[in-house]
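Biologist: Could you take me through this model, with the cut-offs spelled out as we go? I'll jump between topics.
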Amino acid sequence: MAVMRRDDVEAGIDLLRRVDTGELDGLPCPKCGELNASAWFTQPAPDEFKTWIVCGCGFELRAQCDKRPIHYSADRVRNDLQEYDKRLARDRKFPAD
Ligand SMILES: [Zn+2]
């Protein structure tokens, strides 16, 4: 699970549960309250997956997945998010001193 503000954790768990059941669009955004958030996936490394929930209001939730998300598909990978995750993974492997 990504680092989130404490208040967001409960909403985040609920959102991730919905994503697991196949609700990828029209998710309730904890920030603006609209049914406007969507789920996206990234695969920054061959055995690493992340689930993102993003809303137009600026809300972003990023969660580490233990395995390939059930509804993961190439159509649902957003390149900008994947680049971000790849960059983080690289920084982790090669920490700058
Ligand atoms: Zn929102």
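Biologist: Is β3 enclosed or open?

Modeller: Six of the eight residues of β3 are buried, so this strand is largely enclosed by the rest of the structure. A residue is called buried if 20 or more other C-beta atoms lie within 10 Å of its own, exposed if 12 or fewer, and partly exposed in between, with the C-beta atoms placed from the backbone. Strands (E, at least two residues) and helices (H or I, at least four) are DSSP runs, numbered from the N terminus.

Biologist: What sort of model is this, and how are residues numbered?

Modeller: It is a predicted model, in which local features need pLDDT of at least 70 and side-chain atom pairs count only at pLDDT 80 or more, while totals for chains, interfaces and linings use all residues. Residues are numbered from 1 along each chain as its sequence is written.

Biologist: Which strands pair with β3?

Modeller: Strand β3 (residues 48-55) is joined to β2 (residues 35-45) by seven bridges, the two running antiparallel, and β3 also pairs with β4 in the antiparallel sense, over six bridges. Two strands count as paired if DSSP finds at least two bridges between them.

Biologist: What are the hairpins like?

Modeller: β2 and β3 form a hairpin with two residues between them. The hairpin of β3 and β4 has four residues between the strands, and there Gly58 takes a positive phi near 110°. In the hairpin of β1 and β2, with six residues between the strands, Gly33 takes a positive phi near 85°.

Biologist: How does the whole sheet go together, and what is at its edges?

Modeller: Four strands form an open sheet in the order β1-β2-β3-β4, with antiparallel pairing. At the edges stand β1 (27-28) and β4 (60-65), each with a single partner strand, so one side of each is left without a neighbour in the sheet. The antiparallel pairing of β1 with β2 runs over two bridges, and Pro28 stands opposite Leu35 in β2.

Biologist: Is α2 buried or in the open?

Modeller: The number of buried residues in α2 is one out of 15, so the helix lies largely in the open. Helix α2 lies across β2 and β3, running at about 45° to β2, where axes are lines fitted to C-alpha atoms, for helices over the stretch in contact, and angles run from 0 to 180 degrees between N-to-C directions. Leu88 lies in α2 and is partly exposed, with 13 other C-beta atoms within 10 Å. The C-alpha atoms of Leu88 and Pro44 are separated by 8.9 Å, although these residues are 44 apart along the chain.

Biologist: Why does the length of α2 agree with expectation?

Modeller: At 1.5 Å a residue, the 15 residues of α2 (residues 79-93) should span 21 Å, and the end C-alpha atoms are 21 Å apart, which agrees. The expected span is 1.5 Å times one less than the number of residues.

Biologist: Switching topic, which residues touch the most other members of the largest nonpolar core?

Modeller: Of its 13 residues, Leu15, Leu27, Ala37, Ala39, Trp52 and Ile53 touch the most other members, and α1 (6-20), β2 and β3 each supply at least two residues of this core. A nonpolar core is a set of buried Ala, Val, Leu, Ile, Met, Phe, Trp, Tyr and Cys residues joined through C-beta atoms within 7 Å.

Biologist: What does Ala39 touch?

Modeller: Not counting residues up to four places away in sequence, Ala39 touches Val19, Leu24, Leu27, Thr51, Trp52 and Ile53, where contact requires C-beta atoms, placed from the backbone, to lie within 7 Å. Ala39 lies in β2 and counts as buried, with 24 C-beta neighbours inside 10 Å.

Biologist: And Trp52, what does that touch?

Modeller: With the same exclusion of residues up to four places away in sequence, Trp52 touches Ala39, Trp40, Thr42, Glu60, Leu61, Arg62 and Leu81.

Notes. Contact = placed C-beta atoms within 7 Å.
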